[in-house]
Amino acid sequence: MTTDTEPDVFEEHRPVLLGVAYRMLGRVADAEDVVQEAWLRWSGAERSEVREPRAYLVRITTRLAIDRLRQVKSRGETYVGPWLPEPYVTDFGDAVPDTAERAVLADSVSLAVLVVLESLSPLERAVFVLREAFGYPYAEIATMLDRGEAAVRQLAGRARKHVDERRPRYEVDPAQRRDLTERFLAAAAEGDLEGLMSLLAPDVRLVGDSGGKAKAPVRVLETADKVGRFLVGVTRNGVPDVSFRFLEINGGPAVLVRSGDKPDSVFQLDVLDGQIQSVYIIRNPDKLTSLATA
């Protein structure tokens, strides 16, 4: 039962705040920093001026995330090789009982969508996240961002068009993705090129994120032949004391690869029409620290 004490109210809304911040930033540590800053703002707020705690906290979190995004863009940070979001363990559990709502949340946090969101402006990204992932009305988003409703609708339309044009098509059926992931893992572990090729779409893409801190392709690999041969080569080189664990990451099944007791990599597949369309491999050690105990 929720009480009116500051920690209880904040903790009640923490999952939503972290969800907003992560979708805005694509980085778990940055999202947690933003939520912590939101807590500091909340603890110092005048309660008589806060009518709706959830709306107040989402507004603060969104604005802090926008500020952080602008700082990153203004620094012009460069990244070695392809960029992927930091893996985010998702388990909606009983908190999201509706199948349709669960699908929307899973889609909005998928690796494919988050990569596209990186190319939006901070305001466009904020509007997209609040509208598409959390279903906030335009009028409420306008209040949160201190913008007119017409301007917010325009930002939302532009962001939606941008995402629709650039996002790859894939299916969100977790059972099919899990099945193909298991078959993919078995074929890759055995170095079975023919078995891998039977699972890969002809125009499959492999995106490897190492940040220059681990071995991974510095460019996106395309075509089944190139992707299959690369994966077989990786298997032959091997990972010492390797083990695998299935997790739900970014709204879908994924595999955490460990070397001994340390996370080595995470891989996830996008699937369409019974074939693997995209292979995502995250090996940047900085992006795997949150999975050390997973």
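Let's start with the largest nonpolar core. It holds 63 residues, and M24 and L117 touch the most other members. Keep in mind that this is a predicted model. Which helix gives this core its largest share? Helix α1, residues 6–25, with nine residues. There is a general idea behind looking for cores. In soluble globular proteins, nonpolar side chains tend to be buried together.

Stay with M24 for a moment. Which residues does M24 touch, beyond those up to four places away in sequence? The list is T62, A65, I66, L69, P122, R125, A126 and V129.

T62 sits in helix α3. Buried or exposed, with a relative accessible area of 1%? T62 is buried, because the cut-off for buried is under 20%. Look at its contacts, again skipping neighbours within four places in sequence. T62 meets V20, M24, A126, L130 and L145.

Next, A55. A55 also belongs to helix α3, which covers residues 53–75. Its relative accessibility is 18%. Buried means under 20%, so A55 counts as buried. What does A55 contact beyond four places in sequence? E140 and M144. Now try a pair in your viewer: A55 and D192. They are 137 residues apart along the chain, and their C-alpha atoms are separated by 52 Å.

D30 lies in helix α2, residues 28–43. D30 has 18% relative accessibility, so D30 is buried as well. Beyond its neighbours within four places, D30 is in contact with L25 and R68. Now take K213. D30 and K213 are 183 residues apart along the chain. Their C-alpha atoms are separated by 20 Å.

On to helix packing. Two packed helices are described by the angle between their axes and the distance between the axes. Take α6, residues 122–133, and α7, residues 138–145. Their angle is about 140°, and their axes are 10 Å apart. Who makes the contact? From α6, we have L123, A126, V127, L130 and R131. From α7, we have Y138, I141, M144 and L145. A126, L130 and L145 contact T62, and M144 contacts A55.

The next pair is α7 with α8, residues 149–166. Here the angle is about 105°, and the axes are 8 Å apart. Angles of 65 to 115 degrees count as roughly perpendicular, so that is how α7 and α8 stand to each other. On the α7 side, find Y138, A139, I141 and A142. They meet E149, V152, R153 and A156 in α8.

Now the sheet. Strands of a sheet pair through backbone hydrogen bonds, either parallel or antiparallel. What is the strand order here? It runs β2-β1-β6-β5-β4-β3, in an open sheet of six strands with mixed pairing. The edge strands are β2 and β3, and each pairs on one side only. Helix α11, residues 224–237, packs on the sheet. It touches β1, β2 and β6, and its direction makes about 50° with that of β1.

Zoom in on β1, residues 200–209. How many of its ten residues are buried? Seven, so the strand is mostly covered. β1 pairs with β6, residues 275–282, in the parallel sense, over six bridges. One example is V207, with Y280 as its bridge partner in β6. β1 also pairs with β2, residues 221–222. That pairing is antiparallel, over two bridges. R205 has E222 as its partner in β2, and L206 has L221.

α9, residues 174–189, lies across β1, β3, β4, β5 and β6. α9 runs at about 125° to β5.

Note on methods:
Residues numbered from 1 in each chain as written. Predicted model: local features only at pLDDT ≥ 70, side-chain atom pairs only at ≥ 80, totals over all residues. Heavy atoms only, no water. Helix = DSSP H or I, 4+ residues; strand = E, 2+ residues; numbered from the N terminus. Buried < 20%, exposed > 50% of the residue type's maximum accessible area, 1.4 Å probe, protein only. Contact = heavy atoms within 4.5 Å. Pairing = 2+ DSSP bridges. Axes fitted to C-alpha atoms, helices over the stretch in contact; angles between N-to-C directions. Core = buried A, V, L, I, M, F, W, Y, C linked by side-chain atoms within 4.5 Å. Parallel < 35°, antiparallel > 145°, perpendicular 65-115°, else oblique.
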